[in-house]
Amino acid sequence: MRPESSNGTSGGGLAVPMAWLCAEYIADEMLRTGALVEGGSLEYRAGRETLALTIYLCDSAEELAGVRVVSRIDEWLSLTSYGHPWREWVEERLAARRQRESELGDGADPDLALALGAWSWLRQTELLAADLGEGGDPWHSPNPMDAAVDEYAQIWTPAWQLGLPLSHLAIHLF
């Protein structure tokens, strides 16, 4: 969101990333309400960033992310559900926003910059988690989860793969 001015004081001033901040606030509230993981943990951050990215990318560039929370919950549940190609969806949406940003030529979008930073963190950060399925990604595995899961077997998995089911559960509990 670009600062507006009627008296010339904010021209060229700091652009406040309101859409991202709103998405992150909603994600934080949902995760805190669900009390699934301890706040401040890496798992909590993975869930918050994953959910904030989902909320931010669902909304058009013209509105604040998540303004109509209640009417968007079903959409967020669908996007974070088992089997949905969430990673591909995120990459497509981010690419479209980058393209729009370059076409408009208004300079860097602070919301997009924060979203790209979150996506970078989610892809590059690995967390030690229970091995729940093939390849460490039971949420998007083509095979259904095995009924017998060894909860003590752990693997390193990208943060988004842990954050996605956490986000889905947090939305349900909200």
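**Salt bridges in a predicted model**

Q: Why is the meeting of the Arg-48 and Glu-49 side chains called a salt bridge?
A: Their N-to-O distance is 3.1 Å. A salt bridge needs a side-chain nitrogen of Lys or Arg within 4 Å of a carboxyl oxygen of Asp or Glu, so this pair qualifies. The model is predicted: local features need pLDDT of at least 70, side-chain atom pairs count only at pLDDT 80 or more, and totals for chains, interfaces and linings use all residues. Residues are numbered from 1 along each chain as its sequence is written, and side-chain values use heavy atoms, leaving out hydrogens and water.

Q: Which residues are linked with Arg-48 and Glu-49 in a network of salt bridges?
A: Glu-24 joins Arg-48 and Glu-49 in that network. The structure holds 6 salt bridges.

Q: Why is Glu-49 called buried?
A: Its relative accessible area is 5%. Buried means under 20%, exposed over 50%, partly exposed in between (1.4 Å probe, protein chains only), so Glu-49 counts as buried.

Q: What makes Glu-29 partly exposed?
A: Glu-29 has a relative accessible area of 22%. Glu-29 also forms a salt bridge with Arg-32, with the closest N and O atoms 2.4 Å apart.

Q: How do you know that Arg-32 and Glu-29 are separated by about one helical turn?
A: They sit 3 residues apart in helix H1, residues 18-34. Helices are DSSP runs (H or I, at least four residues), numbered from the N terminus.

Q: What makes Arg-87 and Glu-91 a salt bridge?
A: The N-to-O distance is 3.2 Å, so the pair meets the cut-off. Both residues lie in helix H4 (residues 86-104), 4 residues apart. Arg-87 is partly exposed at 31%, and Glu-91 is partly exposed at 34%.

How values were computed. Helices (H or I, at least four residues) and strands (E, at least two) are DSSP runs, numbered from the N terminus.
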